[in-house]
Amino acid sequence: MKAADLVRLALSRLGTGRLRTALTMLGIIIGVASVVALVGVGEGATRGVTDRLQSLGTNLLSINPGFSQGVTRTAGGATTLTLQDAAALRSLSGVQGVAPQLSSSRLVVAGSLNETTTVVGTTPDYELVNAYTTWLGSFLTQPELDGNLRVAVIGATTADNLGLGQSSIGSTISISGLPFQLVGILQPKGGTGFISPDDIVLIPVTTARELFVGTDSVRSIGVSVASQGQIETVKAEVTTALEQRHGIATATGQSDDFTILDQSQLLGTVNSVSGILTVLLAGIASISLLVGGIGIMNIMLVSVRERTREIGIRKAIGARGRDVLAQFLIEALAISVVGGVAGIAIGIVGSFAIGAIAGWGFVFNPATVVVAVAFSLLVGIVFGVWPASQAARLDPVVALRYE
Amino acid sequence: MSEPIIRLEGVSRVYDTGRVQVPALLDVDLDVAAGEFMAIVGPSGSGKSTMMHILGCLDRPTAGRYVLAGTPVSELDDDALAAVRSRSVGFVFQSYNLLPRTSALENVAAPLMYQGMGRRERLGRARAMLERLGLGDRLDHEPSELSGGQQQRVGIARALVTAPAIVLADEPTGNLDSHSGDEVMAILRDLHATGRTIVLITHDPEVAAAADRQVHIRDGRIAA
C-alpha cells in the first residue's frame with residue numbers, strides 16, 4: 001500500500017468526524033500553545049531583566065563604603081571611600097574606567113521650569129562605566145574636571161522635564177542657585193525601575209566636592225573591567241589595593257570597610273532563577289499536553305472499537321496488519337501535528353501579547369517551535385500506537401462478525 | 001485432470017474456549033476444480049461459516065492442509081495470508097460489508113489500493129467494473145445511498161476487481177428481496193459462464209440449485 005494512499009485515507013476519516021476531531025485536537029492545541037506561550041514568556045522575562053541589568057553598564061564592579069551586611073553600618077552609609085582611592089584604582093591592569101560618584105539631591109532650574117533631581121559629581125569615565133551615550137553636545141571632559149568648571153550634562157528625562165533640547169546646549173541652568181553651563185544631553189537608556197537612569201544631572205566631581213560636599217569621601221566607585229574574563233582578577237586586585245590603602249589586614253581578622261558588587265554575579269543569579277522559572281512553567285504546561293495526548297488515545301480507542309467491522313472488511317479485502325496500524329497511527333499523528341501547529345501559532349501570538357503588555361518585548365525562539373512540533377509528533381505516536389496496534393491485531397473473522 | 005484450484009486435505013478447525021474444545025470442522029476433504037460453480041449447503045451451526053473463513057484465508061485450519069491455486073496457504077503467516085486474500089480471493093458477503101461513508105467507486109478500488117496499485121489506474125478499473133454491473137451512474141454514491149441490490153452489486157464488483165482465483169459468496173441473497181436476489185444469482189451465473197470459480201455458501205437449497213455441484217455439510221463434516 002502506498003504512503004500517499006495511507007495519508008489520504010487517514011485524513012478523509014478526520015474529515016468525516018469533524019466535531020470529534022476538533023475537540024480532540026483542542027486538547028493538543030491548548031497543551032502546545034501553553035508550552036510555547038509560557039516558555040516564550042519565561043524567555044522574554046529573562047531577556048527583559050538581563051537587558052535592564054546590562055544597561056547599567058557592562059562588566060561593572062560597584063564599590064561601596066561599609067558592609068553590605070549588618071544593620072549599623074549599611075552600604076553607602078559609611079564614608080571610607082575617597083576620591084584618592086578612585087584615582088589609585090585607575091592604574092590597575094584590566095581596569096578600563098573608574099567613576100567615583102558624589103551624589104546629592106538638588107533643585108535644578110532652567111528658565112521657568114524646575115525639578116529636584118539627583119546631581120552626581122563624577123569623572124569622564126562615568127559615560128563608559130555606566131554605559132551612557134551622549135546624544136547632544138559632549139560629555140564631561142578632563143580639562144573641565146581639572147578646572148573645577150561649572151558644567152553639566154543632563155539625562156534625557158531631566159532635559160524633557162526642564163524643556164531643554166538641541167538649542168539649549170551652551171545655555172545656563174541653575175543648580176542649587178548656582179549657574180552651570182549645559183554642555184551635553186544623554187541618550188535615554190530606558191527605565192530600570194525605581195530610579196530612572198535618565199533623570200540625572202552630571203557635573204565634574206571636583207566641582208561637586210567644592211560646591212556641595214566639601215569632603216573627599218565618595219558615595220560609590222564604579223569600575224569598568226576591560227573584559228568579562230578579567231572580572232575576578234580585577235576584583236581581587238581592587239580588594240588588595242583598597243585594603244593596602246586603608247591599612248586593613250584581613251589576615252588578622254579585620255574586615256573590609258568596603259563592599260564590591262559584581263554585576264555578573266547578579267546577572268548569573270537572575271538567569272538561573274528565571275531559567276528555573278521557565279522550566280517550571282514549561283513543566284506545568286507539559287501536563288496539559290500529556291492530558292491532550294490521553295485525549296487522543298481515548299478517542300482512538302473509541303474509534304477502533306466503533307470501526308471494528310470496517311477493520312474486518314479491510315483485512316478481508318487484503319489489508320495487512322501494518323496497513324491498518326499505519327492508517328490509525330497516521331490519524332493520531334494528523335490530529336496531534338495539526339493541533340501542534342495551531343497550538344504553536346496561538347502560543348506565539350499569546351506570548352507576544354503577554355510580552356507586549358508586560359513591556360519586555362517578544363522573544364521568538366525557533367527551538368521552541370521545533371521542540372513543540374517534535375513533542376506533538378511524539379504525543380501522536382505514543383498515544384496513537386496502542387490503539388492502532390489494537391486495530392492491527394484484530395482477528396478478521398471476529399471483526400467481521402462485530403456489530 | 002488438471003490440479004484443482006481448491007484442495008482441502010483432512011482439514012479440521014477446533015475452537016479452544018479454554019475449558020472445552022469445540023470442533024467446527026472435522027477432517028474435511030474437498031476439491032474444487034477451476035471454473036467450477038459449487039455450493040456448500042448446510043443449516044446454521046453446521047460449520048459452513050467456518051468453512052468459508054478457511055477457504056477465504058481469514059482463518060487457518062487447526063489440522064490438515066489447504067492448497068489454494070497451488071499455494072499451501074495453511075502454512076502461511078498473517079501477512080502472507082493477507083497477500084493471498086488480496087490476490088486470490090474475492091468475498092461477497094450477506095450483509096455486503098461495504099466501507100461506510102466511502103463512495104461505490106472507492107469501495108471497489110479499495111482491494112487494489114492494498115495491492116499497491118496507483119490511484120488513477122485502480123479508479124479506472126473500479127469504474128469499468130461498476131459499469132459492467134450496471135452501476136455506472138452510482139459511482140459517487142455512498143453505501144447508505146444505495147438499495148440492497150445495488151450495494152450487493154458493488155460488493156460483487158469489489159470481489160471481481162482483482163480478478164481473483166476464487167469468488168466466495170456467503171449467502172449473497174440473504175438480505176435481498178427475491179427480485180434483487182434473482183439479479184445477483186444471474187450475475188453469479190454469468191460470471192461462471194465466463195470461467196470464474198465460484199463457491200456459494202448458503203442454507204437455502206433453492207439458491208444452491210443454481211450451482212453445478214452441491215456439497216452438504218452437517219456437524220462439521222461433509223455429508224454427501
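Good morning. Chain A contains 13 helices and ten strands, where helices (H or I, at least four residues) and strands (E, at least two) are DSSP runs numbered from the N terminus. Its radius of gyration is 33 Å, well over the 22 Å that the globule rule gives for 403 residues, so chain A is more spread out than a compact globule; the radius is taken over C-alpha atoms, and the rule is 2.2 Å times the number of residues to the power 0.38. Along the principal axes, the C-alpha atoms of chain A fill a box of roughly 105 × 60 × 35 Å.

A word on provenance. This is a predicted model, in which local features need pLDDT of at least 70, side-chain atom pairs count only at pLDDT 80 or more, and totals for chains, interfaces and linings use all residues. Residues are numbered from 1 along each chain as its sequence is written, while chains are lettered from A and ligands numbered from 1 in the order in which they are written.

On confidence, pLDDT is the predictor's confidence in each residue, from 0 to 100. Chain A averages 85, and 95% of the residues score at least 70. Over residues 68–76 of chain A, however, the pLDDT is below 50.

I turn to the interface. In chain A, 17 residues are in contact (C-beta atoms, placed from the backbone, within 7 Å) with 21 residues of chain B. Helices H1 (3–16), H10 (308–316), H11 (321–358) and H13 (396–401) of chain A each give two or more residues to this side. Of these, H10(A) gives the most, with four residues.

Definitions and conventions: Two residues are in contact if their C-beta atoms, placed from the backbone, lie within 7 Å.
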